[in-house]
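Let's take a walk through this one together. Have the sequence and the model open side by side, and follow along.

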Amino acid sequence: MSGFLTLPLLWAQAGAAAPARPPAGAAPVLNIPPQWIPALKWLYLSGDPTFTTNDLFGGFLTWLKAVSLLCLIAWIVSWLVIGVKERVVGQGRWYDYIGVLALLLTPVSVLLRVLESVHRIPVYTVMGTHLTAYTALACVLAYLIWIEIAIGRTIKKLGRPLDVAVLIGVHLALVFGMAAGVILQRIGFLALIMGAGPNVQISTLQGLIYGVRMSGTFMGYIVFARIAIRCLNELWGVRGRRLYSIGVLSWHEANRRMWAPWVVLTVFLLVLAFTHWFLQPPRAAEMGRLYVGTLSLLCSILLTVMITVLAPLSLPTDIQQQTIYTVVSKPTRRLELIWGRMLGYMALVTVLMLVFGGISLAYLWKTVYTTIETTEAQALKAKKENRLTEAKLLTEQAQQLRTRMQARYPVMGSLAFLDSRGTPHAMGIDVGQDQSMRQPRSHIEGATPSAAIWSFGVVPDPFTRPGQPPIPLDRRIPVSSFLQEGTIESALDRVYALQMQIDADKQAKTQANLPASRVSQLDAAITRNQAELDRLRAEYDSLRKRADDFLAQSAKAQQAGHLDEARQLKLEATKLSSPDLLVEMSFNVYRTTKGKVGEPVYAEITAVNPRTGREYLGDVFAVKEYYTNRAKLPAWLLAGSNGALRIEIRCMTPTQYLGMAESDLYLLLPPGNFGFNYMKGLFGIWLQAMVLTAIGVCAGTFLSWPVALLTTIFFFVAGELAFAFLVDFSRQAIMGGGPFESLIRLVTHDNQMSDLTPTAGVVLAKTLDSLVMPLMSMIVYLVPNFQALDVTNMVADGFAVSWRLMGVNTLLALAYAVPFSLAGYLILKNREVAA
Amino acid sequence: MSHEVIIETRNLTKVYRDFWGRPKVQALKALDLRIHRGEIFGLLGPNGSGKTTTIKLLLGLLFPTDGEALIFNEPTTNVAKNERIGYLPEESYLYKFLNAEETLHFYGRLFKISAAERTKRVAHLIDLVGLSGAKHRQLREYSKGMQRRIGLAQALINNPELILLDEPTSGLDPIGTSEIKSLILEQREQGKTIVLSGHLLADMQDICDRIAILHRGELKELGKVSDLLTVQDVTQIKARNLTPNAIAEIQDVIRRHGGENMSVDHPTTTLEELFLRIVQESELHPGRRKVAEDAARDQAVLAKR
């Protein structure tokens, strides 16, 4: 079971997969020829359930391993159930008694282990090994014997030739995995990947156990292949016209029988009509966020509830009313029944989403945008009436509101710290619980050399383990998006780039033993680039001169009192430059002393182009707590940067601390369209609905509609509200024990930390927990991470939903929806619809 | 009728089990059948005899406990064979929220039929089953007879080679029954194979070439209808306008040749034939007619006077 429990959680999120631990660096200690190393790496990568690469392929591989293991479990369980139902086993033969013995021995073994752990009985050892280990081993062996005989006999009696082939394949995979484990141990590879070092001996038994662990994956691949072949065969016969036909049927069913879209639309409009009654933002600037968040939530709730009801009801009703007879007696494939239903419901969701999106945007336009315009008008009026403080406040409010109603594209850097002595660290000062958050937040000390440094470009991961080669992170700034074509900075950027190319070529020429042909190639390149550089320099000088001329003329016009002309000329000069880089920061302040009430904490920003060495010293600014600080950096800083930049923040107020996480500072690309971004946010809800539809339809293939409905609700609630808990649960990181022990703590008012007195009740609870916890932990691999698919918070915060994120989320949704729909197909294929 | 076997069952057995896999009912016991192309084959038997189970097994809606069934020489699990099959279930298991046209288009799209051809067939079938006036009404508004008609239309949407009809005349009035029977005979004329189940003996007798009689899942009789209904040891002589003397002479001849159990009476028609004749006459000559009981009452009144 441990193999399953330690699986990386792709189910949770592709990015959460375990980082790669490449064994390449230790290749010299292996006792094999170097050409074998790639094969070994592949063996390890494909067999070890906990190892993967930190990229898209790694995500796919982890998904494949998890699905394969679930396939293997399902294959074993289904043959056992068939065997028992068809009376192939369970008829009182000798092996059935062994199975019963294992069933009885398991709780006894667990009970003994619990009694040992709570010191109610002494620890008995036989030949240096715990007695409970022997009893556990006896249980495992007894189960294996019974399962082996049950499956073998059932397949022999009821299986097809392909099933026999799978049975043989599974056994070969078991042997292969065990052999691979022993071989890896013998050549020292196992010691390497276990981090034991070359001088530590790994025993053959450990190699064998590791091999069994890998066997689970390999056996899973065999069953997965069998299922994949079956599904591909089915896929070959799937026709669009039948999918369309069943989709149209589902559409009509939802519309005419359930009235679902009309009910949902009515509720949406009703809620919207009274929204402004009960939605009062805590601060005026939060209005946009509150409204966008509420409307997205409303869409999400209505659509997911609709799908949660529709999808699990469709097939059970079809089966119950026997209307399915006339469909499956046509050349309709079972997969078409599943996908057709999904298609119909998703078409409905798509239409509703577009309607909801349109209405929501109109509503936001009428409420938030009107508020922004009113606030700006009030600010202008206050300014005219010389109420400057109020004008500033109102302007700030309007700006904050506008910020939320945008689609900002942040460009993130990599954060590292300097401590008060100027020594670099991956983390700053820990002032409390902030370190355990999803994004660790740490602090810099005021009025010391301590600094937070955001590095852009291809930078080393600050969290690289000491002694290991740094893992490069690609945090390059898209320079072309900031420096507009035909501007001074753009020309300067090209000048720098060309100059660097010429310098590199000249440097290359200095190498010894360079072939003459290469030297002549480099000479030609240098000459060509030099000519181009001269042309670019001239262009750059010309642009500069034009800008200077415009500014000089503007100054003269201003002196002459021609203000409009002066403004126009200044505008012409501005057009020749790229706009400043906008930096947004949201830091928190940790105060060691209260200081003067109302006095802000100050910070300083500096930016350096590490390639050209040009530096910009920003102004000292007051940190706006709970608000966003903005700073502007001149565009010339990016010229010649090749996407690299370093931004340093220092706290200027003594004895105070400034806290920050990596995402607290970013450069802003020109914002995108809010309406479009809102629809992209709704796409996340669409993906949730797709996964939910797959679950609902799958549940409907074998459950009656009330049970299917409850199952779908369970999956949604668990994935949306309790996913983090489930992840902790699967890692057995929940304090206070399992469900039974927690129940005891609840009743006796014991806290989570204290040890319970080992009474009979506690021992029983711990025993039951030990039995059910591993099984319950499996749920995490089935429950989709609905939270990860929901990106409406980003939209409400005014950030753009990137295409990449949408792509990743689509893959994640498909990683759940496809297996669920295929599971539904397999169940429907193997059940009698008329039974 | 050709000798090509369209349906073949070998030792086909079905046992319904409970949740725990214990046998509950043996619905079909070792059924062996061979049905040929172009024949109308009837599955006859009382309720619970296994007729519907047989049809469901043939369609793959149920899996056999033992034995096997082949349709077009292919196993019943092969979905592709359904392109050539039409099926009318026992009840009209149709989507009540669709109208007749939508229903036929829905089922039509499941087959490899072009859109133009499908539209043509839908119109033709709606006309054929007499639902032209109600084609835009949802099926939930249909009477049981109308539902059977649209059910039959959906079974014919793909112009199937094999038509499986489970109690096709159930819920229909005599006229509807007669029309359906005519339709079935028409389909046979077109070379199609028809398997129908039912317990209305007269209906089966009228149209089936061969029948199988099932009882409690067992095949009790199988053969041509004419062969099964012929009473081999009885000879029937029919004549018109015989005088009593002539009848007496005939009886004498029969007695002389060792005949026995002789009965002399007037032949009767079937109720169905009578009903149809009356309806047809009524359509030709509308208005109230004197019925048999009226005539008897008139005679009684006259006798009293």
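**Starting from one residue**

A:Met178 counts as buried, because it has 20 C-beta neighbours inside 10 Å. The cut-offs behind that word are these: a residue is buried if 20 or more other C-beta atoms lie within 10 Å of its own, exposed if 12 or fewer, and partly exposed in between, with C-beta atoms placed from the backbone. Before going further, note that this is a predicted model, where local features need pLDDT of at least 70 and side-chain atom pairs count only at pLDDT 80 or more, while totals for chains, interfaces and linings use all residues. Residues are numbered from 1 along each chain as its sequence is written, and chains are lettered from A and ligands numbered from 1 in the order in which they are written.

Back to A:Met178, which sits in helix 6 (residues 161–186) of chain A. Helices here are DSSP runs of H or I with at least four residues, strands are runs of E with at least two, and both are numbered from the N terminus. Once neighbours within four places in sequence are set aside, A:Met178 is in contact with A:Leu208, A:Gly211, A:Val212 and A:Ser215; being in contact takes C-beta atoms, placed from the backbone, that lie within 7 Å. A:Gly216 is 38 residues from A:Met178 in sequence, and their C-alpha atoms are 10.0 Å apart.

Now zoom out to the whole of chain A. There are 26 helices and 16 strands in chain A, and its C-alpha atoms fill a box of roughly 110 × 75 × 65 Å along the principal axes. Of its 835 residues, 36% count as buried. Among the contacts in chain A with a separation of 6 or more, 78% come from residues 24 or more positions apart.

Two helix pairs in chain A deserve a look. Take helix 16 (residues 488–509) and helix 17 (residues 516–559) of chain A, whose axes come within 9 Å and cross at roughly 160°. Axes are lines fitted to C-alpha atoms, for helices over the stretch in contact, and angles run from 0 to 180 degrees between N-to-C directions. Helix 16 and helix 17 of chain A are therefore roughly antiparallel, given that angles under 35 degrees count as roughly parallel, over 145 as roughly antiparallel, 65 to 115 as roughly perpendicular and the rest as oblique. Helix 16 of chain A passes helix 17 of chain A in a left-handed crossing; left-handed means that the near helix is turned anticlockwise from the far one by less than a right angle, and right-handed that it is turned clockwise. The residues of this contact divide into 16 nonpolar, four polar and eight charged. For these classes, Ala, Val, Leu, Ile, Met, Phe, Trp, Tyr, Cys and Pro count as nonpolar, Asp, Glu, Lys and Arg as charged, and the others, Gly among them, as polar.

The other pair is helix 19 (residues 674–700) and helix 20 (residues 705–721) of chain A, with axes that come within 9 Å and cross at roughly 150°. That makes helix 19 of chain A roughly antiparallel to helix 20 of chain A, and their crossing is right-handed. Residues making the contact include A:Leu692 and A:Ile695 of helix 19 and A:Trp705 and A:Phe715 of helix 20. By class, the contact has seven nonpolar, four polar and no charged residues.

Over in chain B, start with the open sheet of four strands, ordered 2-1-4-5 with antiparallel pairing. Strands pair if DSSP finds at least two bridges between them. Strand 1 (residues 5–17) and strand 2 of chain B pair over nine bridges, and B:Ile7 stands opposite B:Ile35 in strand 2.

Chain B also has an open sheet of six strands in the order 6-7-8-3-9-10, with mixed pairing. Its edge strands are strand 6 (85–88) and strand 10 (218–224) of chain B, and the twist averages 15° from one strand to the next. Strand 9 (residues 210–215) of chain B runs antiparallel to strand 10, joined by six bridges.

Finally, where do the chains meet? The contact takes 28 residues from chain A and 24 residues from chain B. Helix 9 of chain A gives the most to the chain A side, with nine residues.

How values were computed
Two residues are in contact if their C-beta atoms, placed from the backbone, lie within 7 Å.
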